[in-house]
Amino acid sequence: MDSIWEKTAEPPRFNQLEGDLRTDVLIVGGGLAGLLCAHKLARAGVDCALVEASRICGGTTKGMTGKLTAQHGLIYHKLLRRFGAERARLCLTANLEALDEYRALCREMDCGFAEEDNYVYSLDSREKLERELSALDQLGFAAQLVDRTPLPFPVAGAVRFPRQARFHPLKFAAAIAGPLRIFEDTKVLELAPGRARTSRGTIAAERIVIATHFPILNKHGGYFLKLYQDRSYLLALENAPELDGMYVDEAEGGLTFRNGGGLLLLGGGGGRTGKPAGGWGTLEDFARRHYPQARVAARWAAQDCMSLDGVPYAGRCGGRTRGLYVITGFNKWGNTSAMAAAGVLADLLQGRENPYAALFDPARTVLRPQLLANGLEAVLNLLRPTAPRCPHMGCALRWNGAERSWDCPCHGSRFGADGTLLNNPASSGKPGLQPPAPHQYSQHT
């Protein structure tokens, strides 16, 4: 289940840490967010090092769609209502500036960067599109409402963001990682003020950034309540139509489309980790009906951390964790969001003001409807009288028959059929797991 990015690029290898190390800033986690933090700090002359438990870009980064856009669904009318015009405009501006940063960086590297318009379509609601267009007009952005798309089904319309982009995420990551001080196969086992104990030595650092997708230290700051995880599924199709632009459904669980490298990337079929979802079956059924001549060249899945209010967390990890910072919660839009959030952290770590620091502050209010939903999910699965249990916080695991994994619906940890850890926040595997008998499950049980 390798992504097309893994099939066409390989990030550089880095040595393990051997012995103790001292640095001003330690970044824990080698996905795109951690690499961008390290890149920005290194360019500013800050002494920093990055450690990764396995290989860089081995998690969510290798599973993304490679879109670079400030259009994260029909979000701006929601942000306008939730935060007011000033903060909603800051969110839009942060993502547009992040896109410009990619443009500048990608000029210096071969990473498949190409500009394309992005579209958010609706199958049945013109009103939603018009509401989003009105919100964008209030925020000063000139989006357009279009009536037709090249998609193989009718739509009520689509909101168009011009001059967005796509790229090859692993080629980009390899280019920025090359000059950085990185240690792979170096797992952090314990964090303490000014110190990280790893599998190969101890690192002394005045400031530490947790960039491990779901924070490995998630009780401080309440991230076990402020985040949940969501899975997405993708197919790369050969012999499929070339679409002009990139497309995403505004509806939860809808389909996404974009071309690249002679392939059509078709995404969708997802949902909250540990809950029933259509998965690749939904995508394969769609491809058979609408692209009967196409062939599946690759299939893969990705997992994303979802925040309470649709905005990432980047800043101080918690009120009692001096010198500890976090970057997480990109809500399926980790390219521009990670660039913007990394800029916030780079400024904070250098003692500089950043116009987006308050917007991304992890200490902002948690009084959002999603908090209740996350809490209820945790309680129900803690009380669910089944085994096995997740070692993270004891929730009941559910068998995912499509991917042959045990998934936690509370916080998104995943384990292979043999107990191997696939996704955090659990910090270790669960030996002794066995798949249920085939008659005991369909997709999830």
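Does Glu18 count as buried or exposed, and at what relative accessibility? At 55% relative accessibility, Glu18 counts as exposed, where buried means under 20% relative accessible area, exposed over 50% and partly exposed in between (1.4 Å probe, protein chains only). The structure is a predicted model, in which local features need pLDDT of at least 70 and side-chain atom pairs count only at pLDDT 80 or more, whereas totals for chains, interfaces and linings use all residues. Residues are numbered from 1 along each chain as its sequence is written, and side-chain values use heavy atoms, with hydrogens and water left out.

A search of the whole structure finds 27 salt bridges, a salt bridge being a side-chain nitrogen of Lys or Arg within 4 Å of a carboxyl oxygen of Asp or Glu. One of these joins Glu18 to Arg200, with the closest N and O atoms 2.8 Å apart. Glu18 lies in the loop between α1 (4-8) and β1 (21-28) and Arg200 in the loop between β9 (195-198) and β10 (202-210), so the pair ties together parts that are 182 residues apart in sequence. Helices (H or I, at least four residues) and strands (E, at least two) are DSSP runs, numbered from the N terminus. Arg200 is partly exposed, with a relative accessible area of 34%.

A salt bridge is also formed by Arg160 and Asp117, whose closest N and O atoms are 2.7 Å apart. Arg160 belongs to strand β6 (residues 157-166) and Asp117 to strand β4 (residues 114-122), so this pair ties together parts that are 43 residues apart in sequence. Arg160 counts as partly exposed at 21% relative accessibility. Within helix α8 (residues 279-290), Asp285 and Arg289 are four residues apart, which means a separation of about one helical turn. Their side chains meet in a salt bridge (3.1 Å, N to O). Asp285 is partly exposed, with a relative accessible area of 32%, and Arg289 is exposed, with a relative accessible area of 53%. Salt bridges also link Glu10, Arg13, Arg55, Glu184 and Asp185 in a network.

Surface patches were examined next. Patches are made of residues with over 30% relative accessible area and no salt bridge, like charges being joined within 9 Å and nonpolar side chains (Val, Leu, Ile, Met, Phe, Trp, Tyr) within 5 Å. Accessible areas come from the Shrake-Rupley method with a 1.4 Å probe, and for residues only the protein chains shown count as cover. Lys and Arg count as positive and Asp and Glu as negative, while His and the chain ends are not counted; the place of a charge is taken as NZ of Lys, CZ of Arg, CG of Asp or CD of Glu.

A patch of positive charge on the surface gathers Lys78, Arg81, Arg82 and Arg131. Helix α3 (residues 76-83) supplies the largest share of this patch, three residues. Lys78 is placed in helix α3 and is partly exposed, with a relative accessible area of 36%. Val379, Leu382 and Leu383 make a nonpolar surface patch of about 290 Å². Leu383 is located in helix α11 (residues 369-383) and, at 65% relative accessibility, counts as exposed.

Phe224 is found in helix α7 (residues 223-226) and counts as partly exposed at 23% relative accessibility. Not counting residues up to four places away in sequence, Phe224 touches Phe214, Asn218, Lys219, Met393 and His411, contact meaning heavy atoms within 4.5 Å. The C-alpha atoms of Phe224 and His411 are separated by 6.5 Å, although these residues are 187 residues apart along the chain.
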